[in-house]
Amino acid sequence: MGEMAKKIVKVDLEELLKVLNEAYAEEWLAYYQYWLGAKLAYGTEKASVVEEFNEHATEELKHADWLAERLIQLGGTPALSPDDWSKLAHCKYMPPKESDVLSLVKDNLAAERCAIDRYQRLCDMTEGKDYETFRISRKILKEELQHEQEMEDFIADISYTRK
């Protein structure tokens with residue numbers, strides 16, 4: 001653990017570690033949601049949706065890696081068991097009820113909006129108080145906003161082609 005990393009943080013360290021671990025768990029669940037959706041998807045728009053889901057899954061896994069590194073730098077421990085992920089996460093993983101591309105995209109849109117809220121709150125919590133966590137959170141927030149836009153675009157495109 002980084003002694004200076006902990007020393008320069010100007011927020012409640014225990015609260016920050018808790019929030020980072022929640023975000024870490026949510027990223028693993030988001031990874032799984034995209035990964036599974038890419039496997040189950042069907043419909044005429046499947047090819048482009050699956051490609052995007054696989055890309056997003058890779059990015060969600062990258063986010064989990066960044067968060068794990070930051071947790072360790074601050075003297076914390078990332079959730080050690082997948083059983084803990086759903087317990088810690090506020091952005092819940094809901095198994096898909098339907099596997100058509102439109103349903104899966106809508107499920108992912110809801111998850112992205114929850115993630116956007118998570119990272120906006122983390123940015124608010126750390127801005128000017130923990131520059132490294134703020135930098136990571138802002139970078140993830142930017143990608144989650146892009147994911148939201150891509151899911152919205154898919155919904156618009158799918159709705160248009162089904163008219």
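Phenylalanine 53 is buried, with a relative accessible area of 0%, where buried means under 20% relative accessible area, exposed over 50% and partly exposed in between (1.4 Å probe, protein chains only). The model is predicted: local features need pLDDT of at least 70, side-chain atom pairs count only at pLDDT 80 or more, and totals for chains, interfaces and linings use all residues. Residues are numbered from 1 along each chain as its sequence is written, and side-chain values use heavy atoms, with hydrogens and water left out.

Five aromatic pairs are present in the structure. Rings of Phe, Tyr and Trp (for Trp, the six-membered ring) are taken to pair if their centres lie within 6.5 Å; planes under 30 degrees apart count as stacked, over 60 as edge-to-face and the rest as tilted. For tyrosine 34 and phenylalanine 53, the ring centres are 5.4 Å apart and the planes stand at 70°, so the pair is edge-to-face. Tyrosine 34 belongs to helix α2 (residues 13-40) and phenylalanine 53 to helix α3, so the pair ties together parts that are 19 residues apart in sequence. Helices (H or I, at least four residues) and strands (E, at least two) are DSSP runs, numbered from the N terminus. Tyrosine 34 likewise counts as buried, at 2% relative accessibility. One aromatic cluster is formed by Trp28, Tyr31 and Trp85.

Helix α3 also holds tryptophan 66, which is buried with a relative accessible area of 18%. Between tryptophan 66 and leucine 104 there are 38 residues of separation in sequence and 26 Å in space, C-alpha to C-alpha.

The packing of the helices was examined next. Axes are lines fitted to C-alpha atoms, for helices over the stretch in contact, and angles run from 0 to 180 degrees between N-to-C directions. Angles under 35 degrees count as roughly parallel, over 145 as roughly antiparallel, 65 to 115 as roughly perpendicular and the rest as oblique. A crossing is left-handed if the near helix is turned anticlockwise from the far one by less than a right angle, and right-handed if clockwise.

Helix α3 (residues 46-73) packs with helix α6 (residues 131-161) at an angle of about 165°, the axes being 11 Å apart. The two helices α3 and α6 are therefore roughly antiparallel to each other, and their crossing is left-handed. The contact of α3 with α6 comprises eight nonpolar, six polar and 10 charged residues. In this classification Ala, Val, Leu, Ile, Met, Phe, Trp, Tyr, Cys and Pro count as nonpolar, Asp, Glu, Lys and Arg as charged, and the others, Gly among them, as polar.

Helix α6 packs as well with helix α5 (residues 101-126), at an angle of about 155° and with the axes 8 Å apart. Helices α5 and α6 are therefore roughly antiparallel to each other, and α5 passes α6 in a left-handed crossing. By class, the contact of α5 with α6 has 17 nonpolar, six polar and seven charged residues. Helix α5 additionally packs with α2, at about 160° and with axes 11 Å apart. This angle makes α2 roughly antiparallel to α5, and the crossing of α2 and α5 is left-handed.

One disulfide is found in the structure, a disulfide being a pair of cysteine sulfur atoms within 2.5 Å. It is formed by cysteine 91 and cysteine 114, whose sulfur atoms are 2.0 Å apart. The link of cysteine 91 and cysteine 114 is left-handed, with -90° about the S-S bond. Distant parts of the chain are linked by this pair, as cysteine 91 lies in the loop between α4 (82-88) and α5 and cysteine 114 in helix α5, 23 residues apart. Cysteine 91 is buried, at a relative accessible area of 11%, whereas cysteine 114 counts as partly exposed at 27% relative accessibility. Cysteine 123 takes part in no disulfide, and the nearest cysteine sulfur, that of cysteine 91, is 14 Å away. Cysteine 123 is buried, with a relative accessible area of 5%. Cysteine 91 and glutamine 146 are separated by 55 residues in sequence and by 18 Å in space, C-alpha to C-alpha.

Glycine 75 is placed in the loop between α3 and α4 and counts as partly exposed, at 35% relative accessibility. Glycine 75 and alanine 5 stand 70 residues apart in sequence and 8.8 Å apart in space, C-alpha to C-alpha.
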